[in-house]
Amino acid sequence: MPQDGILLHEHKLRVFFIILSNMVDHELLMRRCLDLALLGKGTVSPNPLVGALLLYEGGILAENYHRQYGKAHAEVLVINEILQKYGDRAPEILSRSTLYVSLEPCSHHGKTPPCADLIVKYKIPRVIVAMTDPSDKVNGRGIARMRDAGIEVMVGVLKEEAEWVNRRFITRVRQNRPYIILKWAQTGDGFMAPADQVKKWITGAEADQLVHRWRSEEDAILVGSGTALADNPKLDVREWKGRNPKRLLIDRSLKVPSSSCILDERAETIIFNEEKTEWRDGVKYIALENFGMYLPQQISYQLYLMDVQSLVVEGGIKVLNTFLEAGLWDEAQIFTSKTTWGSGRKAPIPQGKVWSKTRIGPDTLTQVLNTQTLAHFLRLQ
């Protein structure tokens, strides 16, 4: 067997048969839950990302993740799989198993019944949880419900990693705003737009496809009227399979014509302006008071009220700088090409921590994190 195949085989053995010196590797199993949770990106918002698995006599009998908003949660899917697979034996198996879940099981009736009640019903004796749910409806109540029923509950396994996976959800709950991602492309010598305003492509096809994948995973995407007029963007996911995000446009005096792609009704579209508030032909107009003041803050709060959990700000330069100057951003994703222009309009320079650099085809993707976001989630002040 090739070496890569051997490593893959060994990894599968570790994941699907976990007994190391008679001690369960909690972190390995929880990391599997977090990997599963990420599979729900783009389909579960405004719910959190959650993965779960059931360990029985050293083996994983079932694993799943929250797949769609309003549908069954990860814990329910795992328990239901056991009920379907093992029939009459299922209650006994569940009563001798350990459930791993990346987020505290819910304790309230929402679009689905409480997961904590289901766990209590089937007498699962031990539950390992990565992090508590910060939302007001849960926030420790699920853990208390299980403990009151005599279930052993361990909390905090890979807590920081779990919080990072759910940073969008946590930001909305704790800060009353969406998680904000700034995105742009720049030349090797730091220019984002040509001086003559003639549209020029900066990055390659690989970067373009990655951006479309990101769009399918985030809730909303924002541009200003300058970008809408100059580039006539569609802001869709035509290069990737998935749902289109909400399209947001800052158009103070409503000068973007109705023939523009952003107003073609292919996706829900919201226009922030200072003239009118109404819903017409699939487009929602929201008039903001004191339009020039605290614009990022006003937009962010409006999106919070709409349960928008994440926002990608794609430009142009003026809009990006407005969010940067307000300090209202969490991460910046910057594509840098090898192309040089020698002149043009300079790209923004975010003040934060460079977190990663990755090659995407011929381009380089740099991820910069706001230091306050780092301090909040990763305790790296």
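Reply: At 1% relative accessibility, D330 counts as buried (buried means under 20% relative accessible area, exposed over 50%, and partly exposed in between, with a 1.4 Å probe and protein chains only). The model is a predicted one, in which local features need pLDDT of at least 70 and side-chain atom pairs count only at pLDDT 80 or more, while totals for chains, interfaces and linings use all residues. Residues are numbered from 1 along each chain as its sequence is written, and side-chain values use heavy atoms, with hydrogens and water left out.

D330 is placed in the loop between α12 (317–326) and β14; helices (H or I, at least four residues) and strands (E, at least two) are DSSP runs, numbered from the N terminus. The side chain of D330 reaches the backbone nitrogen of I180 at 2.8 Å. The side chains of D330 and T373 are joined by a polar contact of 2.8 Å (a pair of N or O atoms within 3.5 Å; within protein, one must be able to donate a hydrogen and the other to accept it, and residues adjacent in sequence count only if both atoms are side-chain atoms). Apart from neighbours within four places in sequence, D330 is in contact with R177, P178, Y179, I180, V368, L369, N370 and T373, where contact means heavy atoms within 4.5 Å.

Strand β14 (residues 331–336) pairs with strand β17 (residues 363–369) in the antiparallel sense over six bridges, and T336 stands opposite T364 in β17.

The side chains of K183 and E314 meet in a salt bridge (3.6 Å, N to O), a term for a side-chain nitrogen of Lys or Arg within 4 Å of a carboxyl oxygen of Asp or Glu. K183 lies in strand β6 (residues 179–186) and E314 in strand β13 (residues 310–315), so the pair ties together parts that are 131 residues apart in sequence. K183 is buried, at a relative accessible area of 12%, and E314 is buried as well, at 14%. Salt bridges that share partners also join D236, R238, R247, D264 and R266 into one network. The structure holds 25 salt bridges.

Another of these, between the side chains of E217 and K41, has an N to O distance of 3.5 Å. E217 is in helix α9 (residues 205–217) and K41 in the loop between α2 (26–38) and β1 (51–56), 176 residues apart. E217 is buried, with a relative accessible area of 16%, whereas K41 counts as partly exposed at 26% relative accessibility.

Technical notes:
Pairing = 2+ DSSP bridges.
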